[in-house]
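Please read it with the coordinates open.

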Amino acid sequence: MLTGVSHMGFTVADVDAAAAFYERLFGAPPEVRRIYDAPYTADQVGYPGARLDIAIFRIPGGDVRLELIQYLEPAGTPVDIETKNPGTAHLCLVTDDLAAEFTRMASLGARPRSAAPVLITSGPNRGRRVAYFRDPQGLTIEIIEAPREERSCASQT
């Protein structure tokens with residue numbers, strides 16, 4: 001039986017650049033920052049001789065981690081991570097002040113997908129505001145506004 005969420009991971013082209021962005025976003029350095037090249041790593045990911053450069057962050061406000069992975073061996077090929085494409089994913093973060101977070105995200109180099117926060121007019125998050133961003137690597141980050149006592153993300157798309 002499954003018992004919870006440990007982490008979510010994104011493969012990135014430049015883990016140093018990605019880690020620098022998320023360190024500024026989260027206000028803390030990664031908990032783990034190292035090369036994974038043990039034999040079990042290759043077995044786990046299914047690539048003989050795999051070498052992964054990894055940064056792991058604790059996402060503020062909980063126990064879930066964000067894992068950023070750059071495959072050094074074998075090197076990967078960039079894919080189209082446009083949000084609408086099947087197989088892509090996004091990270092949903094929660095704030096109690098979306099206006100301030102919208103401005104802060106843009107100042108950190110994230111590109112907003114809308115001109116301002118968007119009001120949700122139906123569904124489980126009706127009345128809340130939400131915004132999508134692209135981080136400097138092109139990954140999608142959703143920020144949803146919710147009072148501290150109501151911290152969850154329900155799909156908006």
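The points below go from the overall fold to the aromatic pairs.

1. Ground rules. This is a predicted model, in which local features need pLDDT of at least 70, side-chain atom pairs count only at pLDDT 80 or more, and totals for chains, interfaces and linings use all residues. Residues are numbered from 1 along each chain as its sequence is written, and side-chain values use heavy atoms, with hydrogens and water left out.

2. Fold. The protein chain has 3 helices and 9 strands. Their order along the sequence is β-α-β-α-β-β-β-α-β-β-β-β. The radius of gyration is 17 Å, close to the 15 Å of the globule rule for 157 residues, so the chain is as compact as a globular protein of that length. Helices here are DSSP runs of H or I with at least four residues, strands are runs of E with at least two, and both are numbered from the N terminus. The radius is taken over C-alpha atoms, and the rule is 2.2 Å times the number of residues to the power 0.38.

3. Extent and contacts. The C-alpha trace spans about 50 × 35 × 30 Å along its principal axes. Among contacts with a separation of 6 or more, 56% join residues 24 or more positions apart. A contact means heavy atoms within 4.5 Å.

4. Burial. Of the 157 residues, 34% count as buried. Buried is under 20% relative accessible area, exposed is over 50%, and partly exposed lies in between (1.4 Å probe, protein chains only).

5. Aromatic pairs. The structure holds 5 of them. The ring centres of F26 and F57 are 5.9 Å apart and the planes meet at 65 degrees, so this pair is edge-to-face. F26 sits in helix α1 (residues 15-26) and F57 in strand β3 (residues 51-58), 31 residues apart. Both F26 and F57 are buried. Rings of Phe, Tyr and Trp (its six-membered ring) pair if their centres lie within 6.5 Å; planes under 30 degrees apart are stacked, over 60 edge-to-face, and the rest tilted.

6. A second pair. Y47 and Y71 are also edge-to-face, at 5.8 Å centre to centre and 85 degrees between the planes. Y47 is in the loop between α2 (39-45) and β3, and Y71 is in strand β4 (residues 65-73), so the pair ties together parts 24 residues apart in sequence. Y47 has 40% relative accessibility and counts as partly exposed.

7. Cluster. Which residues do ring pairs link into a cluster? They are F21, Y22, F26 and F57.
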